[in-house]
Amino acid sequence: MTIRRDGVRPWRHVPGETRAATEESDRRGEYGECDAFVDTGRHPLWEQEPRPRRRMPDPVRTAAVRSVIIVAITLIQAMVAFLCTLAGSWLAFPAVLSTVASTVVATWGVLDVWVTRQVWVQRHGVQSQPSSTARELRRERRRARRAAAREPREDPARIDRAAA
């Protein structure tokens, strides 16, 4: 970025750069507001770059999609049952019964997402960045066990009695 002769840096958007509020000019709008709120055609002070979320594991995503579909159908059934009840239709009783059954299935679907996620985490572990301290402690214990296994033992049961 070049600096002009008068010492002022021209503003140019650089991704990831944040400008301090002190770099703003002291110009005020018609009603006293600062120029950050006046549409002058300038870019905002900074642009948020959202941190990308990790993708859900496939079994968990499948269970979540299934659960959302079941819950949506259950809500539609509940609305139909309510409207049929208000209208006094003969369809109200079967609609209420199917809504109750769908509520049980929807509850199972939501619990299925939770259980599937727990099972996936238990089988595949939690990836920690950087390595967790528990993992480092396990490495140290493993090294100590290997070092102890390499040392020769003087076991009285293994002494050759014929030589003694």
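1. Of the 164 residues in the protein, 12% count as buried, where buried means under 20% relative accessible area, exposed means over 50%, and partly exposed lies in between, with a 1.4 Å probe and protein chains only. This is a predicted model, in which local features need pLDDT of at least 70 and side-chain atom pairs count only at pLDDT 80 or more, while totals for chains, interfaces and linings use all residues. Residues are numbered from 1 along each chain as its sequence is written, and side-chain values use heavy atoms, with hydrogens and water left out.

2. The secondary structure consists of three helices and zero strands, and from the N terminus on the elements run α-α-α. Helices (H or I, at least four residues) and strands (E, at least two) are DSSP runs, numbered from the N terminus. Among contacts between residues at least 6 apart in sequence, 47% join residues at least 24 apart; a contact means heavy atoms within 4.5 Å.

3. Two packed helices are described by the angle between their axes and the distance between the axes. For helix H1 (residues 58–87) and helix H2 (residues 92–124), the angle is about 160 degrees and the axes are 8 Å apart. That makes H1 roughly antiparallel to H2. Axes here are lines fitted to C-alpha atoms, for helices over the stretch in contact, and angles run from 0 to 180 degrees between N-to-C directions. Angles under 35 degrees count as roughly parallel, over 145 as roughly antiparallel, 65 to 115 as roughly perpendicular and the rest as oblique.

4. The crossing of H1 and H2 is left-handed, a term used if the near helix is turned anticlockwise from the far one by less than a right angle; clockwise would be right-handed. By class, the contact of H1 with H2 has 18 nonpolar, 10 polar and three charged residues. Ala, Val, Leu, Ile, Met, Phe, Trp, Tyr, Cys and Pro count as nonpolar, Asp, Glu, Lys and Arg as charged, and the others, Gly among them, as polar.

5. A search of the whole structure finds three salt bridges, each being a side-chain nitrogen of Lys or Arg within 4 Å of a carboxyl oxygen of Asp or Glu. Which residues are linked in a network of salt bridges? They are Arg 55, Asp 58 and Arg 61. In the bridge between Arg 55 and Asp 58, the closest N and O atoms are 3.4 Å apart; for Asp 58 and Arg 61 the corresponding value is 3.0 Å. Asp 58 and Arg 61 are three residues apart in helix H1, so about one helical turn separates them.

6. Asp 58 is partly exposed at 46%, and Arg 61 is partly exposed at 25%.

7. Arg 66 forms a salt bridge with Asp 112, with the closest N and O atoms 2.7 Å apart. Arg 66 lies in helix H1 and Asp 112 in helix H2, so the pair ties together parts that are 46 residues apart in sequence.
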